[in-house]
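This report covers helix packing, the chain interface, salt bridges and backbone geometry.

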Amino acid sequence: MIPVLSLLAFLGLILFINRRQLGVSTMADYATANHSIGVLGITFGFLATWYVGAGYTVFSGFAVNFGMIGVYVIPYGIITLLVMYLVAEKTFIWGKKYQLRTQSELLGLRYRSDFIRVLTGVAGVALSVPWLLMEWYTIGYVFNYATEGFISPLLGMIIGIFVVVFYVAMGGMRSVVMANIVQGLYMMVVGSAVLIYVLYSELGGLSAAMDRLFYEAPKAMTFPGPGWDVSPNYWTAIIITSGLGGFMWPWVYNKLFAADSIRTIKQSVLFAPVLGVLSFALLFIVSIALHPLPFAQENPEEALFLVHAQAGVWPLALFAVLVMAASLGTVSGILNAMSTAISGDIAQVMNRKITEKTALLIARWSVVVMSLGALVGAYLKEGQLVFMALMTYQGMIVLSPVVLLGLYWRRANKFGAVAGFLMGMVVSFGLTLTEPAFIQTYGWTPGVYGFLTTLIIMLVTGYLRPVESHVDALWGDIAEARGQTRDVTATRIS
Amino acid sequence: MSATNMHSRRLSAIFITLILATTFLTTFPPIFLWANTIEPRWLGLPFAMVWHISLALLATGFFAAWYLFESWSGLLDLQVEVEAER
């Protein structure tokens, strides 16, 4: 009873803290909170969106099975944050100057192409779907497990959907960020505390847990882990693809448009890695420590739930809320980004006469329709969700040259961006689906080949064509903003 | 390009290089394989894990130094005029 009451109380808390955010009346407010979010919101917005609920089931199961390889998340997080730091300035300047709302709109502006705006908008929505399905499924699973089967996964999903759809559709980015702050704080403070408690109460503490691992399964303490023979290139590939792709998700990237200043974004890059590294490390240390235990070997994806249940009803309740918080944070970010993309990057581009009021209505109904569709998909296809979600990273990394070269290289043009993106996707998904032998033997994941394809096409077309005429004006905007910066500095000194 | 701008760009390049160096040390196969050992252990953790966590914390330190440099240089006080109403 305590776990289910805790879950319901947490959902109630999310609705309560959002009670003043539900009156959003413009599309700009819905999509970006009118560029008003401070450092707390951006930091926890990133963390809560980035941390998926499946991290405590699927990904921890990966670490339970194979040990140290699960730690790849830590160096990959550093690459993702470096990407965030690098794209922050230009994204913020163009975003504020031209009142941009999405990553696709930014690319449409940079390459002066509606086609690339729609193309990346559709790709972003399509690649996000498996994550949405997987997180819905996780929410249903949490309810089911925490109530010992009393609440079915379907009913659990319906309860979660009702709450998230309500606050995302009515409050947009403001509600998402407000909820993310609560979810993020819970994950960092209570979540970390309960993991440490279980590490000491059930596993005998850090040293004892690692000693047991050392004597019973030493292979789990190094790459690639027990029962798995894979090239070291695989380690390099998963870190680079995840690191470059990690910040390309529209539901993560779009948070940049919500920030109130460039200082806010960069401050959040300071806090996010420390919090992320410490909590990811804790999650994976506990998961790896579970490796020698028979119950964990039998059900690796349920191992964290099982060990918390062993620790007592309160640790189980707190852990269930932790997984729920992580799932809600991701789901709300995805729904907000997808609905904004459908309304702004697809509907408004196809029909320029759509008013802002109608666009807001489309966004809100998109949240409802996508959630109901995802509910059906998650309930019917749960077995394939993990595979599909991991496969989407192979597509997301292909977007990174389009974004990074677009922001840093004047010669990058729309022909290279479109051709590179499409060819990169074909290569990446083609190799993923056909699985030729060299993928296994050499170790690079398909996304690396897709990334290189996009990069080469963009570089070649960049040198074959002259710099596009509108680019100078965009670079001028950056110089102008920086020039005003110098004025601020000069004023401060004088 | 002004001397101040050149100076700030050079320092940014240094910070990017330092952060990428930590990533290189965690991903480049010969170095990664060198660190992929159990001993010496610290608090029971294998050296492989300590290596990755330490380098991530080092990168965090570089981020902090980079931020402080940009903040001190006034690079974070951007003034952006909104172009036009939608």
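Which side chains meet in a salt bridge at 2.8 Å, N to O? They are those of B:Glu70 and A:Lys266. A salt bridge here is a side-chain nitrogen of Lys or Arg within 4 Å of a carboxyl oxygen of Asp or Glu.

## Basis of the model

This is a predicted model, in which local features need pLDDT of at least 70 and side-chain atom pairs count only at pLDDT 80 or more, while totals for chains, interfaces and linings use all residues. Residues are numbered from 1 along each chain as its sequence is written, chains are lettered from A and ligands numbered from 1 in the order in which they are written, and side-chain values use heavy atoms, with hydrogens and water left out.

## Interface of chains A and B

Chain A contributes 55 residues to the contact and chain B contributes 49 residues, contact meaning heavy atoms within 4.5 Å. About 4800 Å² is buried between the two chains, and carbon and sulfur atoms give 68% of this area. Buried area is the accessible area (1.4 Å probe) that two parts lose on being put together, summed over both.

Two salt bridges are found across the interface of chain B and chain A.

## Salt bridges over all chains

Over all chains, the count is 11 salt bridges. One of them joins A:Glu89 to A:Arg482, with the closest N and O atoms 2.6 Å apart. A:Glu89 lies in helix H5 (residues 73–97) of chain A and A:Arg482 in helix H22 (residues 469–493) of chain A, so this pair ties together parts 393 residues apart in sequence. Helices (H or I, at least four residues) are DSSP runs, numbered from the N terminus.

## Packing of H8 in chain A

Helix H3 (residues 39–50) and helix H8 (residues 153–201) of chain A have axes that come within 8 Å and cross at roughly 70°. Axes are lines fitted to C-alpha atoms over the stretch in contact, and angles run from 0 to 180 degrees between N-to-C directions. H3(A) and H8(A) are therefore roughly perpendicular, a class that covers 65 to 115 degrees, with angles under 35 degrees counted as roughly parallel, over 145 as roughly antiparallel and the rest as oblique. The crossing of H3(A) and H8(A) is left-handed: a crossing is left-handed if the near helix is turned anticlockwise from the far one by less than a right angle, and right-handed if clockwise. The contact of H3(A) with H8(A) has nine nonpolar, six polar and no charged residues. Ala, Val, Leu, Ile, Met, Phe, Trp, Tyr, Cys and Pro count as nonpolar, Asp, Glu, Lys and Arg as charged, and the others, Gly among them, as polar.

H8(A) also packs with helix H16 (residues 313–350) of chain A, their axes coming within 7 Å and crossing at roughly 145°. This crossing of H8(A) and H16(A) is left-handed. Its contact residues divide into 19 nonpolar, eight polar and no charged.

## Packing of H19 and H21 in chain A

Helix H19 (residues 414–434) and helix H21 (residues 446–464) of chain A pack at about 160°, with axes 8 Å apart. H19(A) is therefore roughly antiparallel to H21(A). H19(A) passes H21(A) in a right-handed crossing. The residues in contact include A:Gly416, A:Gly420 and A:Gly424 of H19(A) and A:Gly447 and A:Gly450 of H21(A). By class, the contact of H19(A) with H21(A) has 10 nonpolar, 10 polar and no charged residues.

## Backbone geometry

Most residues other than glycine have a negative phi, and most peptide bonds are trans. A:Phe223 and A:Pro224 are joined by a cis peptide bond, with omega about 0°. A:Pro224 sits in the loop between helix H9 (206–216) and helix H10 (232–246) of chain A. In chain B, the peptide bond from B:Glu39 to B:Pro40 is cis, with omega near 0°, and B:Pro40 is in the loop between helix H2 (29–35) and helix H3 (47–73).

A:His35 is not a glycine, yet has a positive phi of about 50°. A:His35 is placed in the loop between helix H2 (27–32) and H3 of chain A.

Terms used: Helix = DSSP H or I, 4+ residues; strand = E, 2+ residues; numbered from the N terminus.
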